[in-house]
Amino acid sequence: MLSTSPAFSGFSVADIAAAKHFYAEVLGLQVSEENGMLLIHLGTGATVLAYPKPNHQPASFTILNFPVEDIDKAVDSLVDSGVSIARYPGMPQDEKGIMREGGPLIAWFSDPSGNILSVLQDR
């Protein structure tokens, strides 16, 4: 029954206007608004819903992963746009905040609501 449903993912944010600015202006994604919610249109053709939630609590896990061809350039671009790269105790991250051990190269950052995102590059 659900195998042909055009399913989509969603997550909450504290402030739709701040989320719209971040996803559109900082990350450069196509976004639109409907019924007070934000639709984030990804390069894959998928759409993710960001909805306002009173007393929002950010996700404690990565909600969106963005594969990139060159993680160093992606991190530099994020930092140049004012994004802070997250650093986690015990994680072997380099001076840029990129973890280069144990899997794909990955760096984490947060949206204005504290939800965790990443850029990652296959080796």
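Helices, here runs of at least four residues assigned by DSSP, are numbered from the N terminus, and the views below come from a predicted model.

**View 1. Lining of the largest pocket.** Helix H2, residues 71–80, gives the most to the lining of the largest pocket, contributing three residues. This pocket has a volume of about 230 Å³, and the residues that line it include Val26, Leu27, Gly28 and Leu29, together with Phe66, Val68, Phe109 and Val119. By residue class, the lining divides into nine nonpolar and three polar residues, with no charged ones.

**View 2. Surroundings of Pro58.** Pro58 sits in the loop that runs between strand E4 (47–52) and strand E5 (62–67). Its relative accessible area is 38%, so Pro58 is partly exposed. Leaving aside residues up to four places away in sequence, Pro58 touches Ser113, Gly114 and Asn115. Val13 is 45 residues from Pro58 in sequence, yet their C-alpha atoms are 7.5 Å apart in space.

**View 3. The annotated region.** An unreviewed UniProt entry lists residues 5–122 as "domain: VOC". Over these residues the chain is 18% helix and 33% strand, and the end C-alpha atoms are 30 Å apart.

Notes: Residues numbered from 1 in each chain as written. Predicted model: local features only at pLDDT ≥ 70, side-chain atom pairs only at ≥ 80, totals over all residues. Heavy atoms only, no water. Helix = DSSP H or I, 4+ residues; strand = E, 2+ residues; numbered from the N terminus. Buried < 20%, exposed > 50% of the residue type's maximum accessible area, 1.4 Å probe, protein only. Contact = heavy atoms within 4.5 Å. UniProt positions renumbered as here; feature names shortened; annotations may be inferred. 1 Å grid on protein atoms, 1.4 Å probe; cavity = no way out; pocket = protein on both sides within 12 Å on 5 of 7 lines; lining within 4 Å. Points joined across faces, edges and corners; volume = space filled by probe spheres on them. Nonpolar A, V, L, I, M, F, W, Y, C, P; charged D, E, K, R; others polar.
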